Amino acid sequence: MIELLVFVVVLLAFVAIGLYLSRARRAAPPSGGTAAPAREERPETPAPSPPEPAAPERAKPAPQRTEPETAAPQLEAPAAPGVETPPAAPGIGLGARIRALFAGGKASAQTWTGLEEALVRADVGPTAAAAVVSRVRERYRPPMDPADVVAGEVVALFADDPAWKAPEGPDGRPGIVMIVGVNGTGKTTTIGKIAARLTSEGRTVGMAASDTFRAAAGEQLGVWAQRTGATLVAQERGADPGAVAFDAVKAAEARGLDVLFVDTAGRLHTRAPLMEELKKVRRVLEKAAGRPPDQVLLILDATTGQNGIQQARSFTEAVDVNGLVLTKLDGTARGGIVLAVREELGLPVVLVGTGEGAGDLAPFDAQSFARSLIS
């Protein structure tokens, strides 16, 4: 009985083993047949897939490069009016902008604010602009031309300024004019122009080359002296500016000259040591002549913005400036800064330079200046 059971168990074991092997043989051909192709297909599918993503990546920059090129004209065309119109407004003149603010003849609070901003943009300065607007508000009544009203107030601001004339010293001694300003404003050229004008009127002129710092400054003044027949007093470069000024006063007195112009080195008004040197030159002139300079003229570039107010204030505090010469008024510059200087410091504008020629200098005319500013 036991032997029979053992036989049955062994038989069942062989049957189970046979079934297992048959199933394994059935599974072996599919796995062997598909595994090989699978390994072959997997390399084939990844192989094309990298180029396919790479192709889109290369294709993407292409549209990005063309999009700015096509978008740029589309953005520039509509933006042109918005971007170019503000710069174009100054091109049509301050007068046209003022009239545009008063379109319809009525003036609102926004109109007066816009007028003040327009004047500030013209370098008139906030203080002077507020003062002019205040006067215009009192005078303006429709249908008056607002630009003419503004121009009238500009003229009125300079109404009390006397016309410039060359100073005369006491007892027949020469009048002394000290010329000051920052670098590049045209001090030496202005002296030459004034000298040309005075010598053409029969006056005798002396020039002191106290700008001993700038290279060829003395030579430049010497050229003007030769052109105009003026007497030049100069020393070598690097000499003491005060010594040149002292010798020039004594020479002008000895020769009986009518006017002496003292050129000085251009200096930044923010540099205290340089301003102290300028004070020294003024003290030497006073000592040599026995009196302060008759005139101290600040040469102011018409293209100077609001920095011109600080220039005028610093030089006035240092050497008692009592007059302005506006140079380089030959381009788009309108010189609105002199309104700010006149309003805040009370300095009159005496002369205007409009070019490099000897005749490109004229007495300041308030009406002509107002027309140029408001044009």
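Visitor: Which residue stands opposite valine 262 in β4?

Guide: Methionine 178 stands opposite valine 262 of β4. The model is a predicted one, in which local features need pLDDT of at least 70 and side-chain atom pairs count only at pLDDT 80 or more, while totals for chains, interfaces and linings use all residues. Residues are numbered from 1 along each chain as its sequence is written, and side-chain values use heavy atoms, with hydrogens and water left out.

Visitor: How do you know that β1 and β4 pair?

Guide: Two strands pair if DSSP finds at least two bridges between them. Strand β1 (residues 175-180) and β4 have four bridges, in the parallel sense; by that criterion they therefore pair. Isoleucine 176 has leucine 260 of β4 as its bridge partner. Strands themselves are DSSP runs of E with at least two residues, helices are runs of H or I with at least four, and both are numbered from the N terminus.

Visitor: What joins β2 to β4?

Guide: Five bridges join strand β2 (residues 205-209) to β4, and the two run parallel. Methionine 207 stands opposite phenylalanine 261 in β4.

Visitor: Why is β4 called mostly covered?

Guide: Buried means under 20% relative accessible area, exposed means over 50%, and partly exposed lies in between (1.4 Å probe, protein chains only). In strand β4 (residues 259-263), five of its five residues are buried. Val259, Phe261 and Asp263 are buried on one side, and Leu260 and Val262 on the other.

Visitor: Is leucine 101 buried or partly exposed?

Guide: Leucine 101 has 30% relative accessibility, so it counts as partly exposed. Leucine 101 belongs to helix α4 (residues 94-101). Apart from neighbours within four places in sequence, leucine 101 is in contact (heavy atoms within 4.5 Å) with Thr111, Gly114 and Leu115. Its C-alpha lies 8.4 Å from that of tryptophan 112, at 11 residues apart in sequence.

Visitor: Why are α8 and α9 called roughly parallel?

Guide: Angles run from 0 to 180 degrees between N-to-C directions, with axes as lines fitted to C-alpha atoms, for helices over the stretch in contact. Under 35 degrees counts as roughly parallel, over 145 as roughly antiparallel, 65 to 115 as roughly perpendicular and the rest as oblique. The axes of helix α8 (residues 187-200) and α9 cross at roughly 10 degrees and come within 9 Å; the two helices are therefore roughly parallel to each other. Among the residues making this contact are Ile191 and Ala195 of α8 and Leu221 and Trp224 of α9.

Visitor: At what angle do α10 and α11 pack?

Guide: Helix α10 (residues 241-255) and helix α11 (residues 272-289) pack at about 25 degrees, with their axes 9 Å apart. That angle makes α10 roughly parallel to α11. Residues of α10 including Phe246 and Val249 meet residues of α11 including Val281 and Leu285.
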